[in-house]
Amino acid sequence: MAEILLSEAEKAFIHHGVQVGKLLYLSTHNVSKTRLDYRPIILETGLVSNASGSSRLRLANSDVLVGVKVELASPLSEKPLEGRLEFFVDCSANATPEFEGRGGEDLANEICRFLQMSYMSGDTINLAELSVLAGQQCWVLYVDILILECGGNLYDTVSLAVKSALYTTQIPSIKVATMDGDQPELELSEDPYDTKRLNTQNIPCLVTLMKIGNHYLVDPTPEEECCSSSGVVVAVSGTKKITAVRKIGSGSLHPESLVSMLKTASEVGAVVDKILMKKLLEEETAGKTQKVGFMR
């Protein structure tokens, strides 16, 4: 991401806010938060009619749209009894001028790699549920992520949007029909409502912690990111287990600081996951009749 130009007075203001533990972020009103608070999350699901699952999530000024498409394919040779997830990130040029042309390609690849790493642990999602015919056919979930706007803390926003889309994903029911010779036949249910859903309870949420001065904070704004030289992105499952860690920034981190940051990420990740699940349940309760479009 492009560096935001800040005056020395602005940097001093941010450093002082982090030090005292009370930060201001821009909204319709001046709203404060502590170092371990997240800004408001706005969520809407079921937006893409031709997708098996979809969501749009806005965390402050970061805006992400996710669609999940389910297709039958051959399993990987090294994992014949499992299906798989494949992530694709598109950094829209409307999100920031830096994404024009191939400007967002490196960031998109970084997000894809870290998501894939976060989901590799067997404790996050049971990919065996996606197997249809052992060694022959499985479900592949193509997760398409479109970044509409960048307002800081992009990794966390993407992970929450992905978990929301997977939560709503409907996988068609399929069964093996009578054998025709030696070849089994797959029979897809004709009932569009005859579907199943994944167990997404332990799908990880990403928590970004940025170190500013002698303190660190979660959910950094773009201005706060520019005042930090180092930080970590931590993938935390629903059971508070850390499944992946990525160092960001050019600065160094003391081992004691890193241990403290990982512990904090585990606690914060569990809280954010509860907030997200509450919003997803509210979406289900609202029903389709009350949905009027993006960010109603």
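Predicted model: local features only at pLDDT ≥ 70, side-chain atom pairs only at ≥ 80, totals over all residues.
1. Start with isoleucine 14. Leaving out residues up to four places away in sequence, isoleucine 14 touches Leu6, Ile212, Glu223, Glu224 and Cys227. This residue sits in helix α1, which runs over residues 8-20. With the cut-off for burial at under 20% relative accessible area, isoleucine 14 counts as buried because its value is 12%.

2. Now the overall picture. The chain has 16 strands and five helices. A compact globule of 296 residues would have a radius of gyration near 19 Å, and the chain comes out at 21 Å, so the two agree. Along the principal axes, the C-alpha atoms fill a box of roughly 75 × 45 × 40 Å. Of contacts between residues at least 6 apart in sequence, 68% join residues at least 24 apart.

3. On surface and burial: 45% of the 296 residues are buried. The chain exposes about 15400 Å², and carbon and sulfur atoms supply 51% of that area.

4. In soluble globular proteins, nonpolar side chains tend to be buried together. Here the largest nonpolar core has 72 residues, and Ile145 and Val162 touch the most other members. Helix α3 gives the most to this core, with nine residues. Setting aside neighbours within four places in sequence, valine 162 is in contact with Val66, Phe87, Leu115, Tyr119, Val143 and Ile145.

5. Helix α3 itself: 15 of its 15 residues are buried.

6. Helix α2 (residues 105-118) passes the same kind of check: its 14 residues should span 20 Å, and its end C-alpha atoms are 20 Å apart, so expectation and model agree. Its buried residues are Leu107, Ala108, Ile111, Cys112, Phe114, Leu115 and Ser118. What lies over them? The cover includes strands β6 (84-91), β8 (137-149), β13 (205-212), β15 (230-236) and β16 (242-248), along with helix α3 (154-168).

7. For a strand example, take leucine 65 in β5 (residues 62-73). Leucine 65 has a relative accessible area of 15%, so it is buried. Leucine 146 lies 81 residues from leucine 65 in sequence, but the C-alpha to C-alpha distance is 5.1 Å.

8. Two backbone spots to check by eye. Most residues other than glycine have a negative phi. Aspartate 219 has a positive phi of about 50° although it is not a glycine, and lysine 240 likewise has a positive phi, of about 70°. Aspartate 219 is placed in the loop between β14 (215-218) and α4 (222-226), whereas lysine 240 is in the loop between β15 and β16. Buried or partly exposed, for each? Aspartate 219 is buried, at a relative accessible area of 0%; lysine 240 is partly exposed, at 34%.

9. On annotation, an unreviewed UniProt entry assigns "domain: Exoribonuclease phosphorolytic" to residues 38-172 and 202-267. In the model, the span 202-267 is 27% helix and 39% strand, and its end C-alpha atoms lie 14 Å apart.

Notes
Residues numbered from 1 in each chain as written. Heavy atoms only, no water. Helix = DSSP H or I, 4+ residues; strand = E, 2+ residues; numbered from the N terminus. Expected span 1.5 Å × (residues − 1). Buried < 20%, exposed > 50% of the residue type's maximum accessible area, 1.4 Å probe, protein only. Contact = heavy atoms within 4.5 Å. Core = buried A, V, L, I, M, F, W, Y, C linked by side-chain atoms within 4.5 Å. Rg over C-alpha atoms; globule rule 2.2 N^0.38 Å. Areas by Shrake-Rupley, 256 points an atom, 1.4 Å probe, with all protein chains shown as cover. UniProt positions renumbered as here; feature names shortened; annotations may be inferred.
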